[in-house]
Amino acid sequence: MNIGAVALPSPFAIAPMAGMTDSAFRRLVKRHGGCGLVVTEMVSSEGLVRGIDRTLEYAEYTEEERPVSIQIFGGDPAKMAAAAQIVEQMGADIVDVNMGCPVPKIAKHSAGCSLMREPEHAQAIIDAMVKAIRIPVTVKMRAGWDEGQINAPELAKRVADVGAAAIAVHGRTAAQSYTGSSDWELIARVAGAVGVPVFGSGDCVEPPQLIERLDGGIGGVLVGRGALRNPWIFQQAADLTTGRSADPASLEARGRFLLEYIDLLQHERTGEAEGFRHVAPGESSAPSPARGHDRWVINKLRALNSWYTKGIENGSHLRVAINAAESIPRLREIIDEFFGVTSAAAA
């Protein structure tokens, strides 16, 4: 499928999850196959325009992740257009607009899902961005603000009319957050109401679910929590589409994934070849003070393993052990012992 002039090798995409789907994680997912598009963590348009260091780092990506979409949020059309220009200058394939985040600190600033309560204003933002850049502009939204304001079909048509190249819909309202179930019938209605590709999102945690969701004219599937639990979900779904079996990752493979993630985090922004990391204009790719610190790596592993260990036998024991680890060597030791990585390699 295509988004504007961008060809996607697969209809499956990794959805942005703040603090979780960083560049290191996205690279590992891509290496395991089946993922057609990665979307960065949500980036503030204000922070991009003002050049705030931490914001700029969220927008970084590597060539290995392509095709890549940088997701931005904000409520001012002029600043969103300016931020989109920065994204284009960074060489990203797509710029995505978050109109689905229900978190109050985002929504209260006329950004995120609160834009669904102002469809004309949301349309003006997309119009300004499309006129400012050449790369595709896409939109991520929810079903609506609450049960009384379910307006995804209307908003999707509005943004498509002013040039949005694709739309993603999470089938829950902002009020639901992540409770209840994603409404895939609504997502299919959105797909039938617009002439651009529509991605669906919500409750896709098993490979067969990704295949099932492609019915009803839905062009692709965004996976968030399912990818944190199982980074192989994209390749497994791709295997199913070709008639192959979706073999689960072995225990050893799951352990090696964590060790590779630690390696990438430890060496992030250090010893990288020129041009390896795409950064915002004027930003340095030199190591920042936070990078290379063991505590930062340990905290990243703790965050991932709150999801990664779900469904693994004795996964709660692994979570407790990793949460108690105070050094990188101890983390590696725990992973080796639990997953049998060292013994399997030796064998």
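Phenylalanine 338 is partly exposed, with a relative accessible area of 23%, where partly exposed is the range between buried (under 20% relative accessible area) and exposed (over 50%), found with a 1.4 Å probe on the protein chains only. Phenylalanine 339, by contrast, counts as buried at 4% relative accessibility. This is a predicted model, in which local features need pLDDT of at least 70 and side-chain atom pairs count only at pLDDT 80 or more, while totals for chains, interfaces and linings use all residues. Residues are numbered from 1 along each chain as its sequence is written, and side-chain values use heavy atoms, with hydrogens and water left out.

A pair of aromatic rings is described by the distance of the centres and the angle of the planes. Rings of Phe, Tyr and Trp (its six-membered ring) pair if their centres lie within 6.5 Å, and planes under 30 degrees apart count as stacked, over 60 as edge-to-face and the rest as tilted. By this rule there are five aromatic pairs. In one of them, the rings of tryptophan 232 and phenylalanine 257 have centres 5.6 Å apart and planes at 55 degrees, so the pair is tilted. This pair links distant parts of the chain, 25 residues apart, since tryptophan 232 lies in the loop between helix H10 (225-229) and helix H11 (233-241) and phenylalanine 257 lies in helix H12 (residues 251-266); helices here are DSSP runs (H or I, at least four residues), as strands are (E, at least two), numbered from the N terminus. Tryptophan 232 counts as buried at 10% relative accessibility, and phenylalanine 257 is buried at 1%. The rings of phenylalanine 338 and phenylalanine 339 have their centres 4.9 Å apart and their planes at 70 degrees, so that pair is edge-to-face.

Phe25, Trp232, Phe257, Tyr261 and Tyr308 form one aromatic cluster. Arginine 254 lies over the face of tyrosine 308, at 4.2 Å from the ring centre, where a charge sits over a ring if NZ of Lys or CZ of Arg is within 6 Å of the ring centre and within 35 degrees of the ring normal. Arginine 142 likewise lies over the face of tyrosine 178, at 5.1 Å from the ring centre.

A search of the whole structure finds one cavity of 30 Å³ or more, a cavity being a set of points on a 1 Å grid over the protein atoms alone where a 1.4 Å probe fits but cannot get out. It is lined by 17 residues, of which Leu37, Asp96, Thr138, Ala168 and Leu222 lie nearest its centre, lining residues having an atom within 4 Å of a point.

Definitions and conventions:
On a 1 Å grid over the protein atoms alone, a cavity is a set of points where a 1.4 Å probe fits but cannot get out, and a pocket is an open set with protein on both sides within 12 Å along at least five of seven lines; lining residues have an atom within 4 Å of a point. Grid points are joined across faces, edges and corners, and a volume is the space filled by probe spheres set on the points.
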